[in-house]
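Subject: Structure for you to look at

Hello,

Here is the structure I said I would pass on. Please open it first and then read the notes below it.

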Amino acid sequence: MKISDPISAYFEKKSGFFPQATGYYSKTFNELEGMYENEGEFQNMLPKWNNKVVYEVWEHRSSKNNGDLVFGTSVMKPGRVGEEFFLTRGHQHQKARCAETYFCLSGTGIILMESPDGEIKALDLGTDQLVYVPPLWFHRSINIGDSELITLFTYNSDAGQNYEIIKKRGGMRKRVVRKDSGNWTLVANKKYLLS
Ligand SMILES: [Fe+2]
């Protein structure tokens, strides 16, 4: 087996640009249908947002070999559907015992996590803060600020992402919404299918 080469990586903190990335993907607004509570507002926003990118990911993957790591940046636009802040699809790792870290390069976010038995943790991810996602926890990023949320993530390169497992549960138990004061709060997800 060929062993991976060490590399030194550069990240542009304000844009998330990562010139050494070996992979890229993005999610557009219309691909996020069904994720938000307020379907009517989603449909209202659709003509304007349609195929605009909500979040994009640049990653560096040396190999898929056990023990190697993936790292890179995620760039998420600010915005809300109704009162609910923009979010990523969320997942548990295919290899559920693989953990992950998120370090915030700029912006203001939340990492929303749910344990397999439905316990919720919503941790602040402000600039220069790190959130550790332990094994087994479902996780998604949420941009609660008015600028792009730029995070630097690292996880095992053979971890994989299981998006279906969250879809089957009707999302996560709680949603992150704006409070009148401009802050955020958690509310119950009415589409959640587990009791
Ligand atoms: Fe992950």
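**Strand β11 and its sheet**

Strand β11 is mostly covered, as six of its six residues are buried. Buried means under 20% relative accessible area, exposed means over 50%, and partly exposed is in between, with a 1.4 Å probe and protein chains only. Helices (H or I, at least four residues) and strands (E, at least two) are DSSP runs, numbered from the N terminus.

Some notes on the source: this is a predicted model, in which local features need pLDDT of at least 70 and side-chain atom pairs count only at pLDDT 80 or more, while totals for chains, interfaces and linings use all residues. Residues are numbered from 1 along each chain as its sequence is written, and side-chain values use heavy atoms, with hydrogens and water left out.

From β11, the residues Phe138, Arg140 and Ile142 point one way, and His139, Ser141 and Asn143 point the other way; all are buried.

β11 belongs to an open sheet of three strands, ordered β9-β8-β11 and paired antiparallel. Two strands pair if DSSP finds at least two bridges between them. β9 (120-126) and β11 (138-143) each have a single partner strand and stand at the edges, so one side of each is left without a neighbour in the sheet. On average, neighbouring strands here are turned by 20° against each other, direction ignored. That angle is taken between axes, which are lines fitted to C-alpha atoms (for helices over the stretch in contact); angles run from 0 to 180 degrees between N-to-C directions.

Strand β8 (residues 108-114) and β11 run antiparallel and are joined by six bridges. Ile110 has Ile142 of β11 as its bridge partner, and Met113 stands opposite His139 in β11.

Ala122 is in strand β9. Neighbours within four places in sequence aside, Ala122 is in contact (heavy atoms within 4.5 Å) with Ile110, Ile111, Leu112, Trp184 and Leu186.

**The iron site**

Which protein atoms are the donors of the iron ion? They are His91 (NE2), His93 (NE2), Glu100 (OE) and His139 (NE2), at 1.9 to 2.2 Å from the ion. Donors are N, O and S atoms within 2.8 Å of the metal (3.2 Å for Na, K and Ca); water is not among the atoms, so sites may look incomplete. Along the chain the donors have the spacing H-x1-H-x6-E-x38-H.

The four donor atoms make angles of 85 to 164°, and the site is irregular. Four donors count as tetrahedral if all angles lie between 85 and 135 degrees; four count as square planar and six as octahedral if opposite donors are over 155 degrees apart and all others between 65 and 115; anything else is irregular.

In helix α1 (residues 39-49), the buried residues are Phe42, Met45, Leu46 and Trp49. They cover an arc of only 130° around the axis, so they sit on the same side of α1; the arc is that of the directions from the helix axis to the C-beta atoms. An α-helix has 3.6 residues a turn, so residues three or four places apart point the same way. On the other side of α1, Asn44, Pro47 and Lys48 are exposed. The buried residues of α1 pack against β2 (53-61) and β4 (80-81).

β2 is part of an open sheet of six strands, with the order β1-β2-β3-β12-β7-β10 and antiparallel pairing. Its edge strands, β1 (23-28) and β10 (130-133), each pair on one side only. Seven bridges link β2 and strand β3 (residues 69-76) in the antiparallel sense, and Glu56 has Val75 in β3 as its bridge partner.

**Two loop residues**

Most residues other than glycine have a negative phi. Asn50 is not a glycine, yet has a positive phi of about 25°. Asn50 is in the loop between α1 and β2 and counts as partly exposed at 34% relative accessibility. Asp128, also a residue other than glycine, has a positive phi near 75°, and its place is in the loop between β9 and β10.

Regards
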